[in-house]
Amino acid sequence: MVSRVRVWLNRTYAENVFFMDQLRRNPSDRAVAIHATHGDPDSPVLAAADTAELEPENLSPAGYVEYALDQCGRRGIDVFVPRLHQSAIVAHRAEFEAAGTAVLAPPPEAVAVFHDKVIAYEAVQAIGVPVPPWYRVRSEGELVAAVEELEAGGHKACFKPASGAGGVGFRIITRTPFSLTQLSGFPSPYVPLDLVLEALRQAEEPVDWLVMPRLEQPEVSVDCLTGPDNRVRLAVGRTKNGRRRGFTLHEQWLDPARRIAEGFGLHYLSNIQFRMFGDRPVLMDVNTRPAGGLHQLSLCGVNAPWAAVQLALGEDPGEVVPPFLGQDYTVVSGLRPLRPASLPQRRPETTDPLPAVPAPPSAQPVDSVGAAAQVLPL
């Protein structure tokens, strides 16, 4: 009898409830038990898991590694998918392997390259992947010089932290003075230059920003599955242009993504994002983790989470080719159950937990989670 696979996701995005769903609906028909930990007791991933715990707060990276090793030992984790403290965890991969746990993440050298966007841009340029013009900014004067140079070239300047994930901290510079216009409607990413400069003058510590031209749509996120042998098994682009989403296998997106994934050893699941600068695609960002929208590849008949778990377990799925490209779609919010508030925050220990059974809707609160994919008519 084939044993159940135990997978742990730590402090992950709410959208990864769909990642968990795909693991359970795997084409191998293998039993999967999912453990989840989070700092938010109302995270939907805790309710979606078979077992769940609240994570301790304020642990140092080294302290978190000790916590993670304990979790893997007590829970009998086969595959660990780390998001929080990924850098520290992959540095201790040998200790997790000694405990019988495969870490589904790239090696520490690859994680380090893409933690800092400046280092990342310099590294990918060296292998021939185009990047947009960029300026590293730490002071008021450097910001003004970068903005003026970009504007002189006819571009809108934007900035984001030199390290960080997603769109956190992304802003677009405008010369328009602050007025009631900024206070009507929904919050905007545009911020007046004079307010940014004033904030820099008052800051107690220097910033570390990447300033670059605002890149044009479409945005294409290439989801890659790469083996420990540095060979890409899967590469599919997810396109975004306004609300419309779709898929692409065009080599102008996939070729540079493969070069990055194979050249830097982005083992298992990574997400490599491009946008247009003029008439050519340029690199925007590289995520050394599964993307929140990875589950959308199911519209192409692909179960990427399970293929990655197979690789982590030493079971090579071979080349994963989408049997078709799904229809264009959009993303809307959906309902997911939360753990009842009456339950204790930390669940009792179990050695072989039974599958979780959701409480009836009348007894169990729900929360909305973005990324429920629905097909748009063409």
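## Salt bridges

The structure holds 24 salt bridges, where a salt bridge is a side-chain nitrogen of Lys or Arg within 4 Å of a carboxyl oxygen of Asp or Glu. Side chains of opposite charge can pair when their charged atoms come close. Before we look at some of these pairs, a word on the model: it is predicted, so local features need pLDDT of at least 70, side-chain atom pairs count only at pLDDT 80 or more, and totals for chains, interfaces and linings use all residues. Residues are numbered from 1 along each chain as its sequence is written, and side-chain values use heavy atoms, with hydrogens and water left out.

Let's start with Glu 53 and Arg 74, which form a salt bridge whose closest N and O atoms are 3.4 Å apart. Glu 53 belongs to strand 3 (residues 51-54) and Arg 74 to helix 3 (residues 61-75), so this pair ties together parts that are 21 residues apart in sequence. Helices (H or I, at least four residues) and strands (E, at least two) are DSSP runs, numbered from the N terminus.

How covered are the two partners? Glu 53 is buried, with a relative accessible area of 1%, whereas Arg 74 is partly exposed at 37%. Buried means under 20% relative accessible area, exposed means over 50%, and partly exposed lies in between (1.4 Å probe, protein chains only).

In another salt bridge, Arg 201 meets Glu 198, with the closest N and O atoms 2.9 Å apart. Because they are three residues apart in helix 9 (residues 193-202), Arg 201 and Glu 198 are separated by about one helical turn. Arg 201 is partly exposed at 47% relative accessible area, and Glu 198 is partly exposed at 34%.

Glu 251 and Arg 258 also form a salt bridge, their closest N and O atoms being 2.8 Å apart. Here Glu 251 is partly exposed at 40% relative accessibility, and Arg 258 is partly exposed at 27%. Elsewhere, salt bridges that share partners join Glu 53, Asp 70, Arg 74 and Arg 75 into one network.

## Strand 1 and its neighbours

Now find strand 1 (residues 5-10), where six of the six residues are buried. Both faces are covered: Val 5, Val 7 and Leu 9 lie on one side, and Arg 6, Trp 8 and Asn 10 on the other. Strand 1 pairs in the parallel sense with strand 2 (residues 32-38) over six bridges; two strands pair if DSSP finds at least two bridges between them. Ala 33 in strand 2 is the bridge partner of Arg 6. From strand 1 the chain crosses through helix 1 (residues 17-24) to strand 2, and this β-α-β crossover is right-handed (with the strands pointing away from the viewer, the path from the first strand over the helix to the second runs clockwise).

Strand 1 also pairs in the parallel sense with strand 4 (residues 79-81), over three bridges. In strand 4, Phe 80 is the bridge partner of Trp 8. As for helix 1, seven of its eight residues are buried, among them Phe 18, Phe 19 and Met 20.

Finally, Phe 178, Leu 180, Leu 183 and Leu 195 make a nonpolar surface patch of about 440 Å². Patches are made of residues with over 30% relative accessible area and no salt bridge; like charges are joined within 9 Å, and nonpolar side chains (Val, Leu, Ile, Met, Phe, Trp, Tyr) within 5 Å. Accessible areas come from the Shrake-Rupley method with a 1.4 Å probe, and for residues only the protein chains shown count as cover. Leu 180 sits in the loop between strand 8 (171-174) and strand 9 (190-192), and is exposed at 68% relative accessible area.
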